[in-house]
Every structure is written in C-alpha cells, then in structure tokens.
Amino acid sequence: MPVSTYLRATVVIVAAALLPLTACSSDTTTESSGDTVHRSADGDIVTNGGARRIDGDQTDTERSAINGGKARNVILLVGDGMGDSEITMARNYEKGAGGSFDGLDALPLSGQYTTYALNKDGKPNYVTDSAASATGWTTGTKTYNGALGIDIKGNPQKTILELAKAQGFATGDVTTSEIQDATSASLFSHISERDCYGPVQTAADCAADALENGGPGSVTEQLLTTRPDLTLGGGAETFSQTANGGEYKGKTLEAQAKERGFQIVRTASELDAVTAADQDNPVIGLFADGNMPVRWSGPPAVRHGYLQPAAKCTDNPERGSEVPRLAAMTQKAIDLLKNGKAGQDKGFYLQVEGASIDKKDHDADPCGQIGETVDFDEAVQTALNFAREDGNTLVVVTADHGHSSQIVEALSEDDLRDIAEDTKQPVERVRDTMYPGLTRKLVTADDAEMTVSYGTSADVDVESETHTGTQVRVAAFGPRAANVVGLTDQTDLFFTMTDALGLDRGEEPAH
C-alpha cells in the first residue's frame, strides 16, 4: 500500500473513533480553554447546513479540554437507566431535534462504557441490574445482580466513598430514590441482596448479613455505620424499623440515627436551614416515605397507543414546594461539603443520582422518564457551574445501564392496511407484528409528533419493562476527563475517580 494511501486510511479510522467524543462547541462559540461546550444547531434545520452542531476544526477545542492533573473534588452524576435513547427522547421533547441540553450535552469529552454483570460462576451476565453496575464503579469489582459492595464470592470490596472518607475527604450521596436503593447504597453497603433495606427484610432474605447473626447489618444500618457527611433522598419508611441486634437493639433506626448525631431533615425548608454537614453533624435527608415524586405526569404507553392523539406532559401535582429538586439538593450538597473542615482541608467526593428515569422506564411512562431526565440535566448544570468556577473538580456524567424505550416510526392505519393487503394477512395481525410492545405519541418542542415504544414487555399486565445490555454514554469535564474517551468499562471509572483524588486504594484487585 502506498504511504499516502496508508495515511489516508489511518486518518479515516481515527476520525471515526473520535466521533462520539467531539467537543460540543464550534470554534466561534468556545468560551475559554477547557470550558464546557454548546451543541445546538445554529440554523434552520430545513436548510443546507442548518442542522450542523459544529463549525470548523475542533482540534483546539478538544486539546483544551484535556487536563491530566489531579482533582480536589469529584462529582459523579448517574442517570439511572439513561441510555442514549432516553437522552435523545428527552432532548427532542424538551429542546427539539436541533436543540441541546446545557448540562448533558455540554461535557467536552465522552465515550461509551460496557455494563455487563457477572453470574456467580464468573461468566458474564450481559444485562446488569443497578446493584451490580453501581458496585462496578464504586469498588472497581464486578459482581452478580442483586449484590452490593461484594464480589461474586461474597467478599466485601472497599468503596470510593469509604476510601475518600478514611483519607480525609468530605463525602456525599444524593438521590431521588430511597436512599437505600441500589445506586446510592452501593457507596456504603456490603450485602448479598440489595432489597435488605432494614432489619425486617434482612432477617427474612439475607440472614447471614443481619447484625443479630454477626453480619454488617441491613443497608440502612450500614449507612449509619459508614457515616457519610451527607445523604439525601427518600426512604423514610425504613427508619421506623427496629434493630434486632447490635448496640442499638430494640431502638428504631431513626432513634438510633439521632442518638449517633445525625441531623434528619424532611422538607426543602429544613434542608435550606442546614448549615453544616460533617462528621460532627452528618445529615440525612428523608423527603419521602419511598421514592421522591417525579417532575412530570402523562399518559403511559399502551398497546397500540400510537393510534391515540399525541399528548403533552404536565406537572406532577404530588411534587409540592417542600419536595427539594435534584438540582437544589446537588447545590446544597456542594455548598455543605466544600465548606466543611474536611472539604476545606482535602476536598470532597459526591455522587448524585437521577433515579426515576429508570423507574418510569420500567413503568412505560414516557412523561415520567422524560421529566426526570430534564431534572437530571439541571443537576448536571449545577455541578458544571461549580466545576467551571472551581477549576479543580472532575465531573463525570453517565448511566448505570440501558433501558427499553425507543423512538419509532408510527405507521398510519392506511399504511398498515396496505401492508396487510400486500402480505395477505389480517390488519390486526400486521398491527400486532409491527408494534408488539407499548407505545405513546408525544408532542415535542418542535410541535411535531414523536412515537415512543417499549418493546421488552408487550403486555400492560406485566409488572415491568426491563433493562437492556447495551453500552452507555459516559462524559466528563475537568482533571482526568480524558479517561472516559473511547470504550471503557464501568470498573474503569472507579480507578479514574480514585486516581483523580489521589486516593490510596490499598491492595488493588488483580488485572
């Protein structure tokens, strides 16, 4: 092969590899070296070049986004179940086809990472749950679905929150789910079954982990022992359970928490009034008995829902003014962690989860999941605003796994009748074949109709849509952000974040 041909081939291959991570800004709109970026279409999308999101060579923009130094702070934001389809769907609805999110789409470096779990025999389980996936990035070790903070043999693995806390950093954990749910609990618990929230479930379903049997206790009891500086979310109901063993046997978990010095807040106003969150005054926010209420309501997807009139999403009346928003919880967490003694001395580690993107995806509820994605984007904006000002914070935005929602074409009844005639089949059979799952049409920001389909369950009586095994997007800004570029695995993120903070991991897992 002539040298010139070889070089051309090499350039083409490298360019293709870099497509997912191009910096999200044109040469004319990049604000400053290493800044975040803007990727909305600049013109009328019906004109030549009007749908373009970049202008000119992006080399300098990419180069300026790369910072190989260490970070003082790390903020990880996780959209649970937020695959590429969920992001695209939310962007179309809220911003339009040519629009962009000011948080999710503003991170300058991005890639994809693999999400598979393991079976107990060590073979891959290609579709992970939230517990196994979160254990991957919080400990660097893959495990089986349902397990938290342990390997497939049941051995506890050190989490990034535990390491950061032990080495003098402030630590925080924010979610819109129950604080005992898998993603948030992965930072502080080591347990064989993710649903063992309190002593009642633990005694029944994972007795070996129970305090009365010499184990580390339920998820909530391990939270109180691990003692992050700040933990915010739902899950108040579990705190009414009574300990069956240990020093606080016979006392409710809420009474135990208060006796151990935790501040417990239950409303947005009470959270606003908190002035310190540290080891002397750790904070637990319990803003719902279970999961926190979502932002938007709307009609769920149903069989042949694409034939019904397109809908718009509406505000959820259950989310009142005293339910703190995810962006507000993120801002409060940043303020409290950075201003505490540990935050001032060393820095902080903070994880933020938009949990109900996943939960509403399970419910085939497009308005619910889209609203939670919009909420999550606002939390990402909050983190990026701080990181830009601070100049020494790594922000990573990702998901734990893919999910079932897709944007599909909606055929008209005339189209279906034509197909039925051509294939000599009843139109009902063609309809069921073309749309075996649940669908719903929504009116987007473009005043256009978008058809959302859920294809992993075709029956509205089936309890839940399911996860998918796809790789998912991971994007970053700040020191070590380049480590997310290309294809990585969820476990890589543990090492990227601990390296960024300069944490001593002790004995590392074998490679």
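Predicted model: local features only at pLDDT ≥ 70, side-chain atom pairs only at ≥ 80, totals over all residues.
A disulfide is a pair of cysteine sulfur atoms within 2.5 Å. Counted along the chain, the bonded cysteines pair in the pattern 1-2, 3-4.

**The Cys-196 to Cys-206 bond**

- Cys-196 is joined to Cys-206 by a disulfide, with an S to S distance of 1.8 Å.
- Cys-196 sits in the loop between helix H6 (182-185) and helix H7 (199-205), and Cys-206 sits in the loop between H7 and helix H8 (219-226), so the bond ties together parts that are 10 residues apart in sequence.
- Buried means under 20% relative accessible area.
- Cys-196 has 0% relative accessibility, so Cys-196 counts as buried.
- Cys-206 has 4% relative accessibility, so Cys-206 counts as buried too.

**The Cys-313 to Cys-367 bond**

- The sulfur atoms of Cys-313 and Cys-367 are 2.1 Å apart, and the two residues form a disulfide.
- The torsion about the S-S bond of Cys-313 and Cys-367 is about -85°, so this disulfide is left-handed.
- Distant parts of the chain are linked by this pair, whose residues are 54 residues apart.
- Cys-313 lies in the loop between strand E10 (302-303) and strand E11 (314-315).
- Cys-367 lies in helix H14, which covers residues 366-390.
- Both Cys-313 and Cys-367 are buried.

Technical notes. Residues numbered from 1 in each chain as written. Heavy atoms only, no water. Helix = DSSP H or I, 4+ residues; strand = E, 2+ residues; numbered from the N terminus. Buried < 20%, exposed > 50% of the residue type's maximum accessible area, 1.4 Å probe, protein only.
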